[in-house]
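Visitor: I have a structure to get through today and would like to talk it over. Can we start with a charged pair and go on from there?

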Amino acid sequence: MVPRWKWKGAEAKALAEPVSETVSELQSSFARTEASGFLSTCNVLLLVEVEQAELLDRCCFGRPVVNSEKDKRWVQLSFEEAFFLFCKLNCIKISVHGRSLEDELDLWRSMRSFKPNFAILYKAYSHLRSKNWIVRSGLQYGVDFVVYRHHPSLVHSEYAVLVHSIGENDRLKPWSDVHCSVRLTGSVAKTLLVLYVNGQVNKENMNLPLCLEDYTVEELTIRRWNPELSREDESRT
Amino acid sequence: MGPRWKWKGAEAKALAEPISVSISELQLSLAKTESSGTLSSCNVLLVVEPEQAELLDRCCFGRLILSVEKVKKWIQLSFEEAFFLFYSLKCIKISLQGRCLENEVDTWMYMKSKRPNFPMFYKAYSHLRSKNWVLRSGLQYGVDFVAYRHHPSLVHSDYSVFVQSGDSDRLRVWSDIHCPVRLSGSVAKTLLTLYVNGNFKGEDLNLPLCLENFTVEEQTISRWSPQLSREDETTNSKPNVTTVSNFKTL
């Protein structure tokens, strides 16, 4: 399935400004001016300068929070987004109850305590982000994430992502569950992408972000097979 | 959401021939010939006379299998359908590898061994069937069953049914719930979740009698539209918004 650009010229714009470059700009901007995020039980609130908010939006990290501040902007980040900015891109600092968390271990543990499946979701998130896909919440489409080739204002998302942890849960076990996701995904013109995250989820070092390096991710797209379209027929145009 | 009859006159036909009456006819016919179903690891095959095949089709039990037999008909039944005919309606016998299973416990245990979630699914199936809903596989719609008010040739299915038990991992996160809700909505059905409560791990799970100790809680999940739920004296009875007409006007 080819990318569906939203308007004429969108593809050219996307080629001219690759996501990887915008992410680098983001990193540089944060290196110049420190930004601090505040951890709560379900997300991270980040206070940034106006142009940093714009860069975050261009890379699709977080959602702006409406408020009355004139000079600064508040951005709400999911755990995955915040941890990625903190640990991978080294852009932001995070504090909880006023205390700054130096150690990624502390942050990792806190997030895991608030969200039990955080490790698996984060592995999937960072796996896709590292390939320069834009990753957003898939709640609206009944999946975990939706991924875009570039900014959502330029292109429609191509994949609806379900994250499956090997050996852990029963999602997608009965065929009807798989078919449910496939049908819904198809009706919104996306392809279902299942990420099988394989890791020792119960071992000791589950407490360290380093455990992520031991995890493997297997990608599997699931599509409906159409006999008419798959026929070998020389007379077909 | 009112029932969506498939053609003019379908509703009258349905009222004239209630499902309960067709089921009674089916019971009598099958009991007369002592039909026996052959149990396999995933379904039950039943050989019947042509008019019995027609009755089974009228009540929507099983699927007709194409065969070269001229006189008799072969019907493929799911475990739930077969056990319902055997245990609840008491109109067929079941045999395994040539040996007739007199004892309902034997059939129950065999089916349970092939499909661990059979007890839960059967409870849900018999719960709805006892209320004269017509049930079919919901595989096509990404759910467990679809429920029709009458025969599928007369009416579109009203509900897509999801069967859950207390320790089930399905529908745990919100996105998992939203998926079938959205899909059900797009095919003009309401999502019905049946929570089957009972002790699934106890000893007496081996007896069909355990079914009497299970309870079923019904819950429909549909999307709430702010426009349609507003208390406004000036609104028309018909909603203006086309996107929600699927949910209301059918």
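Predicted model: local features only at pLDDT ≥ 70, side-chain atom pairs only at ≥ 80, totals over all residues.

Visitor: Where in chain A do A:Lys72 and A:Glu49 sit?

Guide: A:Lys72 is in strand β4 (residues 72–77) and A:Glu49 is in strand β2, so the pair links distant parts of the chain, 23 residues apart.

Visitor: Which side chain meets B:Glu218 in a salt bridge?

Guide: That of B:Lys131, at 2.8 Å from N to O. The two are 87 residues apart: B:Glu218 is in strand β11 (residues 215–221) of chain B, while B:Lys131 is in the loop between α6 (118–129) and β7 (134–137). B:Glu218 is partly exposed, with a relative accessible area of 43%, and B:Lys131 counts as partly exposed at 45%.

Visitor: How many salt bridges are there over all chains?

Guide: Ten.

Visitor: How many of those cross the interface of chain A and chain B?

Guide: Zero, by the rule used.

Visitor: What area is buried between chain A and chain B, then?

Guide: About 1,600 Å², with 59% of it from carbon and sulfur atoms. In chain A, the residues that lose the most area to chain B are A:Cys180, A:Arg183 and A:Leu184, together 30% of what that side buries. The contact takes 20 residues from chain A and 19 residues from chain B.

Visitor: Let's do a helix. How many residues does α7 of chain A have?

Guide: Helix α7 covers residues 175–187 of chain A and has 13 residues. From its first C-alpha to its last it reaches 18 Å, close to the 18 Å expected at 1.5 Å a residue.

Visitor: Which residues of α7(A) are buried?

Guide: Among them are A:Val178, A:Cys180, A:Val182 and A:Leu184. The list also includes A:Asp177 and A:His179.

Visitor: What do the buried residues of α7(A) pack against?

Guide: In chain A, they pack against β9 (159–165), β10 (191–198) and β11 (216–222). In chain B, they pack against β9 (159–165) and α7 (174–186).

Visitor: What follows α7(A)?

Guide: A:Ala189, whose phi is positive, near 55°. A:Ala189 is in the loop between α7 and β10 of chain A, and it counts as partly exposed at 25% relative accessibility.

Visitor: Why point out a positive phi?

Guide: Because most residues other than glycine have a negative phi.

Visitor: What is the phi of B:Glu34?

Guide: It is positive, about 50°, although B:Glu34 is not a glycine. B:Glu34 is in the loop between α2 (19–33) and β1 of chain B, and it is exposed, with a relative accessible area of 55%.

Visitor: Now chain B as a whole. How many helices and strands?

Guide: Eight helices and eleven strands. Chain B has 250 residues, of which 47% count as buried.

Visitor: Last one. Which residues make the nonpolar surface patch of about 200 Å²?

Guide: A:Phe38, A:Leu45 and A:Val65. A:Leu45 is found in strand β2 (residues 44–49) of chain A, and it is partly exposed, with a relative accessible area of 30%.

Notes: Residues numbered from 1 in each chain as written. Chains lettered and ligands numbered in written order. Heavy atoms only, no water. Helix = DSSP H or I, 4+ residues; strand = E, 2+ residues; numbered from the N terminus. Expected span 1.5 Å × (residues − 1). Buried < 20%, exposed > 50% of the residue type's maximum accessible area, 1.4 Å probe, protein only. Contact = heavy atoms within 4.5 Å. Patch = residues over 30% accessible without salt bridge, like charges linked within 9 Å, V, L, I, M, F, W, Y side chains within 5 Å. Areas by Shrake-Rupley, 256 points an atom, 1.4 Å probe, with all protein chains shown as cover. Salt bridge = Lys/Arg side-chain N within 4 Å of Asp/Glu carboxyl O. Buried area = accessible area lost by both parts, 1.4 Å probe.
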